[in-house]
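Here are some notes to read beside the structure.

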Amino acid sequence: MNRRASTYALPFFLALTFAFFCVFAPRFATSANLENLMAGYAFVAIVAIGQSFPILLKGIDLSIGAIVALAGIVTLDLSLIFHWPGLAVIPAVLVVAALAGAVNGLLIVYLRLQPFIATLATLAAYRGLVFLISGRQLFPELSTTPITDPWIVALDTYFDIGSALGVSDFIQLPGLPLSFVILVVLLIGFQVLLLATRFGRDLYAVGGNHEAARLAGIRTRRVTILAYTISGTCAGVAALLLVARLTTSTEALGNGMELTAISAAVIGGVSLQGGVGTAWGPVLGAFLLGVVLIGLTLLGVTQFVQQILTGAILLAAVCQSRLIAARQQRRTDAALVAGG
Amino acid sequence: MSEINHEAPQPKRRGFIKTLVAGSVTAGGAAAGLLGDVDPVDGSFGMRQAQAQANAGPVKMAFIEWQPHTVPAAWSKGIEDVLKSQAGVQYKLLDGQNKVEVQVSLMDTLINEGTSVIFLQPIDSVALAPSINKAKRAGIPVITLNIDATAPHAAHVEMSHYYGAMDIARVMGEKMGGKGDVAILNAPPGIVIRDQRTKGFVDGMKKHHPSIKVVADQVADWSRKKAQDVLATILAAKPGLAGVYGVNDSMALGAVDVAKEKGLLGKMVIFGNDGERDALESIEKAELTGTQYTDVFQQGRFAAASATVLASGQVPATAFKKQAHLLMPYVIVTKENVAQIQPSQRW
Amino acid sequence: MDSSTPVIEARGLSKVYGSVTALADADFRVMPGEVRALVGANGAGKSTLIKILTGAIAPTSGTVTVNAEPAALGSPTEMIRRGVACIYQHSNLAPAMTVLDNIFLGRQPTRRFGFLDRKRQREMARALLDLHGIQLDLDAVVSTLPTVKQKEVEIMKALALDARVLLMDEPTGWLSASEVAKLHDTIRALKTRGVGIVYISHMLDEIYAVCDTMTIMRDGRIVAQSAVSEMPRPRMVELMVGEKLARDASDAAHLQRKPHGSGEVRLRCTRLSRLGAFTDVSFELHAGEILCITGLIGAKRTELVQAIFGSHPFDEGTMELNGARVKFRSPGEAMAHGVGFVPEDRHREGLMLGLSVTENLIMTTLDRCRRGPALLRKRIEQVSRDAIRALNVRPADGRLAVRQLSGGNQQKVLLGKWLNLGPGVLMLDEPTVGVDVGAKAEIYSILRAERDKGTAILVVSSDLEEVMTIADRIAIMVSGRMVSVQSANELTMADIVREIGRKAA
């Protein structure tokens, strides 16, 4: 399978799975279900995009779930305790999330900690911090108070594209969630960043061969810190969307989300060896997981089997990339002997 | 709409079973009474039921639990007992995996699937409110178990957390002779029933036994093992502890373990909350002093009974102006009355 | 540019790592348009000098000026900015990126806001390729290219920096004769534009073909600098390895040599090949002899020995041990047949640094020191004591953690671990790298003692002095092929140096 073909394997597989469920799972091919799919997995996809940046650098960010919780609880505190208007809360939360991500970058660059260790430590620290600052702990009545700020609630709007396009008489289109629109915007933005800017080239260089990048004069420290900051910020965006959907935040928000994000990224072709990956890969990976999980639920398959199948998909994705790499190596070796 | 509220008294004279039966009748009657205040002619839900009957498709019901545990498992069994005797009803149990996002996503899927009634054990009262509202708009009644949600919905069936805890305090105080120090082994913060059970206990002590002091309130994560560690630490600081209240049975049993180890069984009064089988056995062995027992199977059956009524199509979910609130009857179980709880009621 | 100002000048450079002096008091200078060769044996200090000049490391003392202006040391960015470019031996490319991006790694041309100017980048690359007559597919992913082409990309990357000084560290390792000639043409073209070039190589033919001047290093010092035309080859070799040693050592060793040992063939390899490593290697190893395989880095000697040992088996060919056909698929298998292998990187592949001397020594022979699952303490301690005494490990305490010993003593422990096995065949890869002179001599006599006991010994070594000291027979490998196997009595140091530097046909 040459490089071109391998890039199309995932979209193809996603389309295939989608078609399968449309045919076999009751109520899958309905506008309501598509809405659920988009609304339910847009934030997962956003976190997955964020996660792909550290992975591109041959690192990992285990703390994104905790950053989601942190951002969520800050949203709650600012809205319900300090009564800030939503217009101020949103940027503040993004700043907090970005800083939380930057801390990871700083630990890795200046304390020379392995990314696994550094983000594991911040995972624990941020989770603890969440409980410490949680408005729901400090003022128990807040655990039964929903957030009603119009700006924040507006993050959970659905656009009626059916009427907008004038086709609602013929076919029922799903309402387009704002979270999905935000996802698409971020996707385009990051994809452009990766492919068409110097920063993107530098990212791939540092991930592909850190020493070569350093010797070539790339500011590897800056690149690393920025990558983790991006990861944190994406977690912040996802947190805001999630809080809007739930009208509250819990201390356990985002528990385990890091593993889902990593799975989505790996399925999406971001290599754990660093230096290989895109922004749209993790998005497809996240929606593949969503399609499979929702489809299986509609088919009545138990959740244990669902988890097994998710693991199998992850395994298949990894094996596919290993196979391609091995084939590549063999071809290069053969060419070497032939030419040498 | 009337609030079904089981009145305080302990069934000292009346047999335990009789109480429960009386309770069920009341609840059932109250469910019937639900129909009293309501305007039955809103079209949507009735249409759905009629549709289901017209299609001769099965009526679908589902329960989204917090995560696998003895309590929701017992609820599910109770629900199944009632539903399986009815033709044409499909029921399934879904795992919320301890994540709010998962529960919300499952709610979406169930609503889309055309479920008729949803049972829900919300992980968070506010976070699930939008989903409950969405269900209401689709004409689907939602019945919550043990943990209430901030959006009004068809019914809420809970163990009597607050009043039960008050009664625990009363009985426990009597066992302690009306004085002494008490420690609370508590749940992790952020869970509504934790607050209800703690407040009930504290209020109960203040009301019935003002000389008893709560000297410690530590988190033991609902876990037996953690409770052992926590109590051992508390005892080191306060060796004269006369009583321990575990906000669930697992933690209380952990306290029993520590007491046994240190030879303090006769000297400490230990109470739990829930009424698990292990706790009842421990009471019989004169180790655990007491607990609040709720027939959890019965709780599931009540919920299912209400569901059946709602699914009959007579009452549209959107018409509820005030939510039905069912407090489960309970018994404060001690050595004296533990024998009255039948094996089939132990969960 | 003033042609009397050196493009790069270093004065008094030294680099000390703890107690090891890698470079001592080096003065080095390259004029515009000059091609200066840098020669010396492995460990002579060449790599250290290059790393300082490119800013990869900072020297312990000394200064460097570029075009008569002092340069900040230890910063690769600074050196690149000043026009000092280097092509290293190992790949300095990002394997998953395209040739086009690698050529401008870290410096792709941009428009506003950091957006890449692809058009200009492609034009610049095209111009560069045309200027030097190199053919490269700009959109190919580097990891899919054969090493030959990757080297070309590296050269293009360096040239794209418009370098004033170009350092090349063993640039022709994988190039064929015609490709080397092309590289030399490129170098001559750069000369005319006033670029100074430092050419580090063992290939004497190439040095005499393209270089103007040479600098010879040995043991961390510069021992001679002269024009190439004024340095005859034999004299150059003597300077590289030390005059006295070149003459005396071979005389004395001559007496102790036993080519073909006892005559019995212990190991016979016939036409061994492994794709991407070595091709068509055949030789015999006799009991009671020491066979040294020498060659340059890249000759794939380590790969050959690993294949024999089973840690990375060969694809084709046959191997016979004591007359029986064998092919080891794992080191365990090889060990069970009495074949031992002392690897090159003793820290990563040989010793458990955190464990004690005793624990390391008995690692290969645990089975003899236990009854069922229980370890026999007394026997273990006996074995350890004997080994420590025989090898003269100092300090002579089996309980010390291995990491606390000096390099030489660590190597003795590693050797002891394998000797304990009582192997019929013992293979060693660069056994005295980083070992002090005294321990070196001890290790040589240990090896000779083993040989006299009848063990067949195979030593891979780049240290020509070492080869001349202990080898009974010498095999030379070039680019994965074994080009000659001869008795050590028939070869002089100069012969070896010449052979190694010759291209395989």
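1. C:Asn409 lies in helix H15 of chain C, residues 407-419. Helices here are DSSP runs of H or I with at least four residues, strands are runs of E with at least two, and both are numbered from the N terminus. This is a predicted model, in which local features need pLDDT of at least 70 and side-chain atom pairs count only at pLDDT 80 or more, while totals for chains, interfaces and linings use all residues. Residues are numbered from 1 along each chain as its sequence is written, and chains are lettered from A and ligands numbered from 1 in the order in which they are written.

2. Is C:Asn409 buried or exposed? C:Asn409 counts as buried because it has 24 C-beta neighbours inside 10 Å. The cut-offs are 20 or more other C-beta atoms within 10 Å of the residue's own for buried, 12 or fewer for exposed, and in between for partly exposed, with C-beta atoms placed from the backbone.

3. Which residues does C:Asn409 touch, leaving aside its neighbours within four places in sequence? They are C:Val393, C:Arg394 and C:Ala439. A contact means that the C-beta atoms of two residues, placed from the backbone, lie within 7 Å. C:Arg394 is 15 residues from C:Asn409 in sequence, and their C-alpha atoms are 6.4 Å apart.

4. Chain C as a whole has 18 helices and 22 strands. Its radius of gyration is 25 Å, close to the 23 Å that the globule rule gives for 505 residues, so chain C is as compact as a globular protein of that length. The radius is taken over C-alpha atoms, and the rule is 2.2 Å times the number of residues to the power 0.38. The C-alpha trace of chain C spans about 75 × 45 × 45 Å along its principal axes. Of its 505 residues, 44% count as buried.

5. Chain C is divided into domain 1 (8-83 + 163-241), domain 2 (245-338 + 423-500) and domain 3 (352-421). These bounds come from an automatic or database domain assignment. Taken over C-alpha atoms, the centres of domain 1 and domain 2 of chain C are 31 Å apart.

6. Chain C meets chain A through 27 residues of chain C and 28 residues of chain A. On the chain C side, the elements giving two or more residues are helix H2 (76-82) and helix H5 (147-159). H2(C) gives the most, with 3 residues. That side divides into 15 nonpolar, 11 polar and 1 charged. Here Ala, Val, Leu, Ile, Met, Phe, Trp, Tyr, Cys and Pro count as nonpolar, Asp, Glu, Lys and Arg as charged, and the others, Gly among them, as polar.

7. Chain B also touches chain A, with 25 residues of chain B in contact with 29 residues of chain A. H4(B) gives the most to the chain B side, with 8 residues. The residues of that side divide into 9 nonpolar, 8 polar and 8 charged.

8. In chain A, helix H9 (residues 178-196) has buried residues A:Ser179, A:Phe180, A:Leu183, A:Leu186, A:Phe190 and A:Leu194. They cover an arc of only 120° around the axis, which puts them on the same side of H9(A). The arc is that of the directions from the helix axis to the C-beta atoms. On the face turned away from this buried side are the exposed residues A:Val185, A:Ile188 and A:Gly189.
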